[in-house]
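Hello,

Here is the structure I promised to pass on to you. Have a look at it first, and then read my notes below.

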Amino acid sequence: MDSSSSEVRIISKCFVKPKTIPQKWKEPYHFSPTDHIMLSIHHIQKGLLFLKPSFSESVKPKEFMETLLQKLKDSLAIALVHFYPLAGRLSTLKTDNSRSHSVFVDCNNSPGARFIHAESDLSVSDILGSTYVPLVVQSLFDHHKALNRDGYTMSLLSIKVTELVDGVFIGLSMNHSLGDGSSFWQFFNSLSEIFNSQEETIGNNNNNNNALLCLKNPPIIREATGPMYSLPFSEPNESLSQSEPPVLKERMFHFSSETVRSLKSKANQECGTTMISSFQALTALIWRSITRARKLPNDQETTCRFAAGNRSRMNPPLPTNQFGVYISLVKTTTKIGNLLENEFGWIALKLHQAVTEHTGEKISYEIDQMLKSPLPLQAYRLSNLNIVHMGSSPRFNKYGSEFGMGKAVAVRSGYGGKYDGKVSAYPGRQGGASIDLEVCLLPEFMEALESDQEFMSLVSSST
């Protein structure tokens, strides 16, 4: 890792298992086709930055951290009862075809989820006060640069709690083969719910753990034993080559509720419709702005893409709390000249049409085609030339997770899944319709974007 990792020191490491072992723990949790596809990409790495509370004479900083860490471990042990696959390790079931393997989660031969305590001399302002997201933020997460398929030897979930001078960062790394962004934040929110349900006295064995096991929105884990899918993936010990990506600039751009509503109104007005959403309008803005910053020839093509949730699109629809990977790529492509010369609403409408066409029937067809002629594992790649990829979602309840320190002051992400043109959408901290965009670009493209007066005039200074 970068030398900035020396600014974050590991104090302790341990593994946490479910507080009570569910019956399903003993059974293999077999992967679905979409789970298999995710093996070749990085973990989901998202974390929350908190300010330390003011300490009274009766509560010392050391006691505060000891209490926080113990309470988080206790909460994790209870959360893993509900999200039991996250406490396992990956394994493979060989098939008659020597080049085909079915991946499953083995909970019996696993030490559990990983829990790390770290400390740093960094302050909250070191992270928030910089124009660009400091590289040291990557050191606040475990499983740096790991791929999901490393889950044979690495924990499928890791929590890294880093004490800063005046704050605390709680970074979660989750194996993306087990859950998508919706499931990731459901786990984070559930961990918070359990944490806040506990009695303030830590280490009291008389706590009512049965009450803590009752979540408001418990995950629905599909039947672990089937159906079973075999795809032509190589053995886990075969190397999966990774080229070292170029150094990127990463910056948070804030868009106020008023700006987002204005973009939505403009897009719909230009198209004579009311169907274009706020998110589609904002995506249209960032797609055109990044493409303009790249200064590529007008006859080249550019693609905008985002991971769409499939739960509500399936027939019948799946519950929103269905745990797993239920996403697929929605994309639209056009010539760069068309993107830059047409009205803003034309772009937003193209994105809206792509979303509208993403039906349950289309999703089922794509999965069926993949099973008939699947690609080798290494063929699945998310980054490509001239792509703008919108990840995450402002709909996720990212500021709803609290751990006795009030509302988080910021959401930040780790190394995983970043490349030129990768954008992640977060809800604005102040709520409403405000949205924060985490934009990753090559340095020269970032400089051009920051010089784009149209784009920067819509960015708020408040983040």
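**What I found**

The chain holds 12 helices and 15 strands. Please keep in mind that this is a predicted model. Of the 463 residues in the chain, 54% are buried. The accessible surface amounts to about 20,100 Å², and carbon and sulfur atoms account for 49% of that. If you take the contacts between residues at least 6 apart in sequence, 80% of them join residues at least 24 apart.

The axes of α6 (residues 257-271) and α9 (residues 344-356) come within 8 Å and cross at roughly 95°. An angle from 65 to 115 degrees counts as roughly perpendicular, so that is how α6 lies to α9. On the α6 side, the contact is made by Leu 263, Lys 266, Ala 267, Glu 270 and Cys 271. From α9 come Phe 344, Gly 345, Trp 346, Ala 348 and Leu 349. By type, the residues of this contact divide into 7 nonpolar, 1 polar and 2 charged.

Finally, some backbone details in the loops. Asn 315 and Pro 316 are joined by a cis peptide bond, with omega about 0°. Pro 316 lies in the loop between β10 (301-309) and β11.

Two residues other than glycine have a positive phi: His 143, near 60°, and Lys 295, near 55°. His 143 sits in the loop between α3 (124-128) and β7 (157-163), while Lys 295 is in the loop between α7 (278-294) and β10. Which of these is buried or exposed? His 143 has a relative accessible area of 5%, so it is buried. Lys 295 counts as exposed because its relative accessibility is 63%.

Enjoy exploring!

Best wishes

Definitions and conventions:
Residues numbered from 1 in each chain as written. Predicted model: local features only at pLDDT ≥ 70, side-chain atom pairs only at ≥ 80, totals over all residues. Heavy atoms only, no water. Axes fitted to C-alpha atoms, helices over the stretch in contact; angles between N-to-C directions. Helix = DSSP H or I, 4+ residues; strand = E, 2+ residues; numbered from the N terminus. Parallel < 35°, antiparallel > 145°, perpendicular 65-115°, else oblique. Contact = heavy atoms within 4.5 Å. Nonpolar A, V, L, I, M, F, W, Y, C, P; charged D, E, K, R; others polar. Buried < 20%, exposed > 50% of the residue type's maximum accessible area, 1.4 Å probe, protein only. Areas by Shrake-Rupley, 256 points an atom, 1.4 Å probe, with all protein chains shown as cover.
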